[in-house]
Amino acid sequence: GPLTHVPMFFVWFIAFAASAGNTDLMRGTGKFFPELMRSGCWINILLFLFNLFIPAYPLDGSRVLTSLLAMLSVSLKTAGWVVILVSTIMSIALLAFGFIYISFMSVFIGAYTLGETYKLYSLHRLDRLQEHPTFKKYNELTRGGSWTAQAI
């Protein structure tokens with residue numbers, strides 16, 4: 001998940017500092033290897049933020065949203081609608097961004113998350129959301145179960 005980007009960032013950052021002779025990620029060096037290392041740092045920062053803060057199902061941000069809703073004791077049915085609605089909006093925004101800025105990866109991720117959100121919607125419509133892996137622990141957690149790192 002998103003936490004894998006933290007150690008990768010530090011590996012790239014150490015390599016950047018060693019090759020550039022400084023630790024300023026905001027300033028380019030114009031040299032190939034330091035720029036490569038600098039790009040590795042920024043990619044990991046941006047992927048960490050994207051994975052954690054974009055709540056489009058099945059990205060990790062939707063798991064954080066689902067866990068937050070469980071901690072707030074929101075009913076399973078309501079939580080399902082919230083996750084589906086937010087994920088649909090984020091997926092469409094990713095698709096629009098991809099088409100506007102001609103970004104194949106954004107279009108791909110937007111289409112993928114929209115397809116997965118539709119699967120979630122199909123389960124919700126059949127009143128079988130509790131069978132979905134993301135929501136399997138939900139009822140247990142909203143009824144006073146213990147919160148662990150695995151819950152998220």
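In the predicted model, the side chains of Glu-35 and Arg-38 form a salt bridge with an N to O distance of 3.0 Å, a salt bridge being a side-chain nitrogen of Lys or Arg within 4 Å of a carboxyl oxygen of Asp or Glu. Both residues belong to helix α2 (residues 32-53), where they stand three residues apart, about one turn of the helix. Helices (H or I, at least four residues) are DSSP runs, numbered from the N terminus. Glu-35 is partly exposed, at 21% relative accessibility, whereas Arg-38 is buried, at 19%. These classes rest on relative accessible area, with buried under 20%, exposed over 50% and partly exposed in between (1.4 Å probe, protein chains only).

Residues are numbered from 1 along each chain as its sequence is written. Because the model is predicted, local features need pLDDT of at least 70, side-chain atom pairs count only at pLDDT 80 or more, and totals for chains, interfaces and linings use all residues, while side-chain values use heavy atoms, with hydrogens and water left out.

The structure contains five salt bridges. Among them is the pair formed by the side chains of Lys-119 and Glu-116, with an N to O distance of 3.0 Å. Helix α5 (residues 104-125) holds both Lys-119 and Glu-116, and the two are three residues apart, about one turn of the helix. Glu-116 is buried, at 16% relative accessibility.

A salt bridge also joins the side chains of Asp-24 and Arg-27, at 3.3 Å from N to O. Asp-24 is partly exposed, with a relative accessibility of 28%, and Arg-27 is likewise partly exposed, at 47%.
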